[in-house]
Amino acid sequence: MGIFSSIKEFGNECSEPICLALGMFDGVHIGHRQVLDAAINQSNESEGLAVAFTFPEHPARFLRPEQAPLLLMNPEQKALSLQAYGMKEVIMQSFDAELAEIPFTVFPDFLKRGIPSLSGVCVGQNFRFGKGRAGDSSLLREIAVKAGLKVNIVESINCDSLPVSSSRIREALSLGNIEQVNQMLGRDYSIFGVVSSGKGMGRKIGFPTLNLDWDPEAKPAYGVYAGEVKNIKTGIILPAVANYGLRPTLESNVLVPKFEINILADLNEAEWECGSELNMSLKFFLRPEKKFQSVEKLSEQIHLDREKAIKLVNQK
């Protein structure tokens with residue numbers, strides 16, 4: 001499996017029948033997976049390959065930079081998620097002036113020229129394409145026939161009576177609605193990072209933390225979360241409580257939020273030292289971040305947070 005920087009680069013390397021899943025796929029949520037499943041099924045029918053065609057940055061970053069959404073995933077995370085879900089290859093092509101100027105009428109020909117063995121395309125029902133986003137999914141199905149392409153349009157999937165979308169997930173994430181986020185993702189929202197050295201403030205008040213280097217575009221609400229942390233090297237998974245925010249009780253004038261993990265179990269500290277790669281899954285939002293009147297009050301609240309987190313994670 002590989003990641004290709006353009007449709008042409010991939011097409012020059014491939015001779016098998018290809019079914020493309022087209023989309024931004026930010027978050028690779030349950031709606032996206034419907035499209036990916038359709039591509040996998042369609043490729044199986046032709047004994048070919050299911051391939052994702054997406055962008056490292058949102059097209060709005062080029063077209064309307066001031067309105068570009070903050071992304072749930074960086075390009076590497078998205079590519080890995082697409083591959084993990086069954087895409088044999090991933091085309092991660094930058095959206096540029098050339099792509100922006102392609103008329104909707106010749107878009108199927110653009111795909112076919114790039115991948116001569118292309119046989120099918122799968123898109124969500126809200127898919128738009130071509131210059132000025134003039135084409136929709138129904139129009140794609142209609143005009144793709146001339147290029148010999150079978151187009152599969154996948155209906156949106158609902159959560160709480162509304163279609164699942166990356167924008168809904170971003171909003172829920174910013175509000176701390178992590179359980180709704182996880183429902184729409186179809187998995188726990190996860191944070192990947194490397195343990196870095198901190199100031200040791202957590203240890204001084206009796207709650208040593210692992211400081212994770214992590215700076216996402218679309219940020220969760222500041223506050224305390226419960227979940228599980230996995231050591232990538234050892235595979236060990238332990239319950240944990242985490243704080244994401246500016247730590248107003250312990251520091252002032254902090255501009256960059258920090259992600260700190262307090263593990264709710266005995267551990268071999270040598271296995272969780274600086275440089276360790278961790279994956280923290282967020283399952284519950286316990287409370288918003290706040291400034292306490294004293295470090296003692298903060299310590300009391302952390303005790304309560306830990307107790308609540310242990311109960312919730314054990315019930316899950």
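Trainee: How many residues of strand 2 are buried?

Mentor: This is a predicted model, in which local features need pLDDT of at least 70, side-chain atom pairs count only at pLDDT 80 or more, and totals for chains, interfaces and linings use all residues. Residues are numbered from 1 along each chain as its sequence is written, and side-chain values use heavy atoms, without hydrogens or water. Strands (E, at least two residues) and helices (H or I, at least four) are DSSP runs numbered from the N terminus, and buried means under 20% relative accessible area, exposed over 50%, partly exposed in between (1.4 Å probe, protein chains only). Strand 2 covers residues 18-22 and is mostly covered, the buried count being 5 of its 5 residues.

Trainee: Which residue of strand 3 is the bridge partner of alanine 21?

Mentor: Two strands pair if DSSP finds at least two bridges between them. Strand 2 and strand 3 (residues 49-54) pair in the parallel sense over 5 bridges. In strand 3, the partner of alanine 21 is alanine 52.

Trainee: With which side chain does the side chain of arginine 247 make a polar contact?

Mentor: Arginine 247 lies in the loop between strand 14 (237-245) and strand 15 (258-263), and is buried, with a relative accessible area of 8%. A polar contact is a pair of N or O atoms within 3.5 Å; within protein, one must be able to donate a hydrogen and the other to accept it, and residues adjacent in sequence count only if both atoms are side-chain atoms. At 2.3 Å, the partner side chain is that of glutamate 260.
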